[in-house]
Amino acid sequence: MRGGSVWIDGRWDWRGGKWEWQAGRWEREQRGKRWRAAKWEQKDGAWILVDGQWMISNGPSSAPPALRDEQREVGAPRANFVFIRGRWDWRNANWDWVPGHWERERANSRWNDGRWELRNGQWEWIDGTWGAYTAPAYPPLSSPPPAFRNDPQPPRPDNTYAWVAGKWKWVDGQWSWQPGAWSANQPNMRWTPGTWERRGDHYEWVEGRWDRTAPSSPTPNTQYPAGPPPGPRNEDMGAPRASFFYIRGRWDWRDGQWTWVAGHWERERANARWNDGRWEQQNGRWVWIEGSWGTGPSQPPGPPPRPQQPAPPPPRDEQIQAKSGFIWARGHWGWSNNEYQWIPGHWERERAARTWGEGRWEQQNSGWVWIEGGWR
């Protein structure tokens, strides 16, 4: 197959009283015409050759097929080049696919794709041009693979948040990465990620959504907990604040499960002390008694004493392969919820004239302290 050419089939010719084969050939196509092949016809008892010729071709009567997805053909981006996507062409009364190709960019110009338009009941091809750029409203090709991103923070400890993964957005005619984010969980709901879906000759984004989860079996009345709450969490309330009092966090019963409500600082009140709220068993069920400012005895201002932190476990062996232009920042143990949790390593792009210093655990007077790694 040659772009812009048509294959003329070979044929038999009668010459000098015998049949001779005439080989086929490529011939440049003619716009708006189609090739009618030569043929032998019997007329008045003799065989007559009706030679092939170019004939005026009627244009297509219907819209072209959907554009093909050329993501694999496009491959990795090429600096200073733009990919001219493939198109359907009407040749010899048939739709014929013309593959896309890379073309060098032009200064102060953007490529505007060609298109088929219905004019006066006839489909006509409008050639693509270099010129003022008109961004397509929808992407013609599927999105790139998901970008490699490390989670911006360790998983939330109380399962009250769901991670909404990052996505590719179509902005001003090109792909732009939007990082993921934490979203508060919704009771009895499950997050379904969004996706790009093909619609005709382009792709459209179908937004993610919260879907209601059907209960697996009937559940009893969950207005009140059946037992006492878990033990209080160890909270880092930071440095003391003058004229403020720290209201400790607590467990709350929501939608049939225990949910942690973080503590907060509150301005002190004259001649008053804070009395912590508490869970009490009344008439066979557990009930929350709200905390209040009053003259009665108060709990110590802040969370209970921090439990003794043991030494961190030995680091895990992470099997990785070298990656040009990057260095591997090794994973390490993090201290959360009174236990060590493994934080995986990640790749860092190399920086000129700088070296990466790994983080480390150090034993100090207050216990074990994590010293962050960084570029030096």
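Visitor: Why is Arg91 called buried?

Guide: The model is a predicted one. In it, Arg91 has a relative accessible area of 13%.

Visitor: What makes the pair of Arg91 and Asp89 a salt bridge?

Guide: The closest N and O atoms of Arg91 and Asp89 are 3.0 Å apart. The cut-off is within 4 Å, between a side-chain nitrogen of Lys or Arg and a carboxyl oxygen of Asp or Glu. The distance of 3.0 Å therefore qualifies.

Visitor: Is Asp89 buried or exposed?

Guide: Asp89 is buried, because its relative accessible area is 6% and the limit is under 20%.

Visitor: What makes the approach of Arg87 to Asp89 a polar contact?

Guide: The two side chains meet at 3.4 Å. A polar contact requires N or O atoms within 3.5 Å, one able to donate a hydrogen and the other to accept it, so the pair of Arg87 and Asp89 is counted. Arg87 belongs to strand β10, which spans residues 87-91.

Visitor: Why does Arg87 count as buried, and which residues does Arg87 touch?

Guide: The relative accessible area of Arg87 is 19%; since buried means under 20%, Arg87 falls in that class. Leaving aside residues up to four places away in sequence, Arg87 touches Leu67, Asp96, Trp97, Val98 and Trp125.

Visitor: How do you know that Arg25 and Glu27 form a salt bridge, and why are Arg25 and Glu27 called partly exposed?

Guide: Their side chains meet with an N to O distance of 3.0 Å, and the cut-off is within 4 Å. Arg25 has a relative accessible area of 39% and Glu27 has 22%. Partly exposed lies between the limits of under 20% for buried and over 50% for exposed, so both Arg25 and Glu27 are partly exposed.

Visitor: Why are Arg254 and Asp252 placed in their accessibility classes?

Guide: Arg254 is partly exposed because its relative accessible area is 39%, whereas Asp252 is buried because its relative accessibility is 16%, with buried meaning under 20%. Arg254 and Asp252 form a salt bridge, their closest N and O atoms being 3.0 Å apart.

Visitor: How many salt bridges does the structure hold, and which residues are linked in a network?

Guide: The structure holds 19 salt bridges. A network of salt bridges links Arg11, Asp13, Arg15 and Asp51.

Visitor: Which residues make the nonpolar surface patch, and why is Trp12 called partly exposed?

Guide: Trp12, Trp14, Trp19 and Trp21 make a patch of about 530 Å². Strands β2 (11-15) and β3 (18-22) each give two or more residues to the patch. Trp12, in strand β2, is partly exposed because its relative accessibility is 46%.

Visitor: What makes β30 and β31 a pair of strands?

Guide: The antiparallel strands β30 (residues 278-282) and β31 (residues 285-289) are joined by 5 bridges. Pairing needs at least two bridges, so β30 and β31 qualify. Gln281 has Trp286 as its bridge partner in β31. In this hairpin, with 2 residues between the strands, Asn283 takes a positive phi near 55°.

Visitor: Why does Gly180 count as partly exposed, and where does Gly180 lie?

Guide: Gly180 has 23% relative accessibility and is therefore partly exposed. Gly180 lies in the loop between β19 (174-178) and β20 (181-184). The C-alpha atoms of Gly180 and Gly166 are 3.7 Å apart in space, although the residues are 14 apart in sequence.

Terms used: Residues are numbered from 1 along each chain as its sequence is written. This is a predicted model: local features need pLDDT of at least 70, side-chain atom pairs count only at pLDDT 80 or more; totals for chains, interfaces and linings use all residues. Side-chain values use heavy atoms; hydrogens and water are left out. Patches are made of residues with over 30% relative accessible area and no salt bridge: like charges are joined within 9 Å, nonpolar side chains (Val, Leu, Ile, Met, Phe, Trp, Tyr) within 5 Å. Accessible areas come from the Shrake-Rupley method with a 1.4 Å probe; for residues, only the protein chains shown count as cover. Helices (H or I, at least four residues) and strands (E, at least two) are DSSP runs, numbered from the N terminus. Buried means under 20% relative accessible area, exposed over 50%, partly exposed in between (1.4 Å probe, protein chains only). Contact means heavy atoms within 4.5 Å.
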